[in-house]
Amino acid sequence: MEIAKSWLELLLANQVLMSGVFGWFSAQTIKTVIYAVVNKKLDLTRFVGDGGMPSAHSATVVCMTTSAAIVSGLDSPVFAVAAILCAITMRDAVGVRRVTGKQSQLLNQLIEIFAPANELMPEQRLKEFVGHTPLQVLLGAVLGVLMAFVLDMIYQIRV
């Protein structure tokens, strides 16, 4: 008699789901390290922050899409949904989200010029790390593909 798997075991066995987590975690770790090296200080908020190199959005969705292709095939509905959502997410990262970040920078500069220093709290600044450059998105995508194949090797060993 086989013991029913727990919900946690089922989630961990889902290679496509875990690839998204793995892709995001990898990108955020690299992003935090790059930020620390460039700025010569460790800022752990970058681990959960938006923007920066590489794009965690791209790494996450490309890793999931690649895993969907590996696990279910290029002709599967799972891959089709993942591929479309991947394209939308990556386009949004370099489009609307990037423009939002640039507008935030400009508005923050205007606030510094026109608002008295004692009236502005640091948490009132607009978030400037929002979108990505095309290079950040491209490198996030490359990382996503690589991580999907690494995770597939791990799942193959596990079986």
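Because the model is predicted, local features were taken only at pLDDT of at least 70 and side-chain atom pairs only at pLDDT 80 or more, while totals for chains, interfaces and linings use all residues. Residues are numbered from 1 along each chain as its sequence is written, and side-chain values rest on heavy atoms, with hydrogens and water left out.

The protein chain contains six helices and zero strands, and its elements read α-α-α-α-α-α from the N terminus on. Here helices (H or I, at least four residues) and strands (E, at least two) are DSSP runs, numbered from the N terminus. Of the 159 residues in the chain, 35% are buried; buried means under 20% relative accessible area, exposed means over 50%, and partly exposed lies in between (1.4 Å probe, protein chains only). Among contacts between residues at least 6 apart in sequence, 70% join residues at least 24 apart, a contact being heavy atoms within 4.5 Å. The chain exposes about 10200 Å², and carbon and sulfur atoms supply 71% of that area. Accessible areas come from the Shrake-Rupley method with a 1.4 Å probe, and for residues only the protein chains shown count as cover.

Turning to the aromatic rings, a search of the whole structure found two aromatic pairs. Trp 24 and Phe 47 make an edge-to-face pair, 5.3 Å centre to centre with 75° between the planes. This pair links distant parts of the chain, since Trp 24 sits in helix H2 (residues 15-39) and Phe 47 in the loop between H2 and helix H3 (56-72), 23 residues apart. Phe 25 also pairs edge-to-face with Phe 47, at 5.5 Å centre to centre and 75° between the planes. Phe 25 belongs to helix H2 and Phe 47 to the loop between H2 and H3, so this pair ties together parts that are 22 residues apart in sequence. Rings of Phe, Tyr and Trp (its six-membered ring) pair if their centres lie within 6.5 Å; planes under 30 degrees apart count as stacked, over 60 as edge-to-face and the rest as tilted.

Thr 32 is buried because its relative accessibility is 6%. Neighbours within four places in sequence aside, Thr 32 contacts Leu 42, Asp 43, Arg 46 and Phe 47. Arg 46 in turn lies over the face of Tyr 35, 5.6 Å from the ring centre; a charge sits over a ring if NZ of Lys or CZ of Arg is within 6 Å of the ring centre and within 35 degrees of the ring normal.

In helix H6 (residues 134-158) is Gln 136, which counts as buried at 14% relative accessibility. Gln 136 and Ala 93 are 43 residues apart in sequence, with their C-alpha atoms 9.4 Å apart in space.
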